[in-house]
Amino acid sequence: MKNKIKELRKANKLSQSELADIVGTTRQTITSIEVGKYTASLILAYKIAHHFNMNIEEVFDFESLEEED
């Protein structure tokens, strides 16, 4: 799933480790989500979006999932 996490993280001068600590996960999970190897759980997606004061749909591209069907 495509997302804007890397861009948001860099714009806010956060490392992957810092974002991971804020949302309660590991740096490896953030890395995997950023490169599309892992899809965040709904709870984690909410925490990430909430941290950036955005809706989940603004951070994660659900249209890419619809194209896979």
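Colleague: Is N53 buried or exposed in this model?

Modeller: The model is predicted. In it N53 has a relative accessibility of 72%. The cut-off for exposed is over 50%, so N53 counts as exposed. N53 sits in the loop between α4 and α5 (56-59).

Colleague: What is the phi of N53?

Modeller: The general idea comes first. Most residues other than glycine have a negative phi. N53 is not a glycine, yet its phi is positive, at about 55 degrees.

Colleague: Which loop holds K13, and what is the phi of K13?

Modeller: K13 lies in the loop between α1 and α2. Its phi is positive, about 55 degrees, and K13 is not a glycine either. With a relative accessible area of 74%, K13 is exposed.

Colleague: Now the helices. How should I read the packing of α2 and α4?

Modeller: Two packed helices are described by the angle between their axes and the distance between the axes. Here helix α2 (residues 16-23) and helix α4 (residues 42-51) meet at an angle of about 110 degrees, and their axes are 10 Å apart. Angles of 65 to 115 degrees count as roughly perpendicular, so α2 and α4 are roughly perpendicular to each other. Their crossing is right-handed.

Colleague: Which residues make the contact of α2 with α4?

Modeller: From α2 come L19, I22 and V23, and from α4 come L44, K47, I48 and H51. By class, the contact of α2 with α4 holds 5 nonpolar residues, 1 polar and 1 charged.

Colleague: What are the angle and the axis distance for α2 and α3?

Modeller: The angle is about 105 degrees and the axes are 8 Å apart. That angle makes α2 roughly perpendicular to α3. The contact uses Q16, S17, L19, A20 and V23 on the α2 side, with R27, I30, T31 and E34 on the α3 side. The residues in the contact of α2 with α3 divide into 4 nonpolar, 3 polar and 2 charged.

Colleague: Take Q16 from that list. Is Q16 buried or exposed?

Modeller: Buried means under 20% relative accessible area. Q16, in helix α2, has 19%, so Q16 is buried. Its side chain makes a polar contact of 2.9 Å with the side chain of E34. Setting aside neighbours within four places in sequence, Q16 is in contact with R9, R27, I30, T31 and E34.

Colleague: How far apart are T31 and N12 in sequence and in space?

Modeller: T31 and N12 are separated by 19 residues in sequence, and their C-alpha atoms are 16 Å apart in space.

Terms used:
Residues numbered from 1 in each chain as written. Predicted model: local features only at pLDDT ≥ 70, side-chain atom pairs only at ≥ 80, totals over all residues. Heavy atoms only, no water. Axes fitted to C-alpha atoms, helices over the stretch in contact; angles between N-to-C directions. Helix = DSSP H or I, 4+ residues; strand = E, 2+ residues; numbered from the N terminus. Parallel < 35°, antiparallel > 145°, perpendicular 65-115°, else oblique. Left-handed = near helix turned anticlockwise from the far one by under 90°. Contact = heavy atoms within 4.5 Å. Nonpolar A, V, L, I, M, F, W, Y, C, P; charged D, E, K, R; others polar. Buried < 20%, exposed > 50% of the residue type's maximum accessible area, 1.4 Å probe, protein only. Polar contact = N/O pair within 3.5 Å; in protein donor to acceptor, adjacent residues only side chain to side chain.
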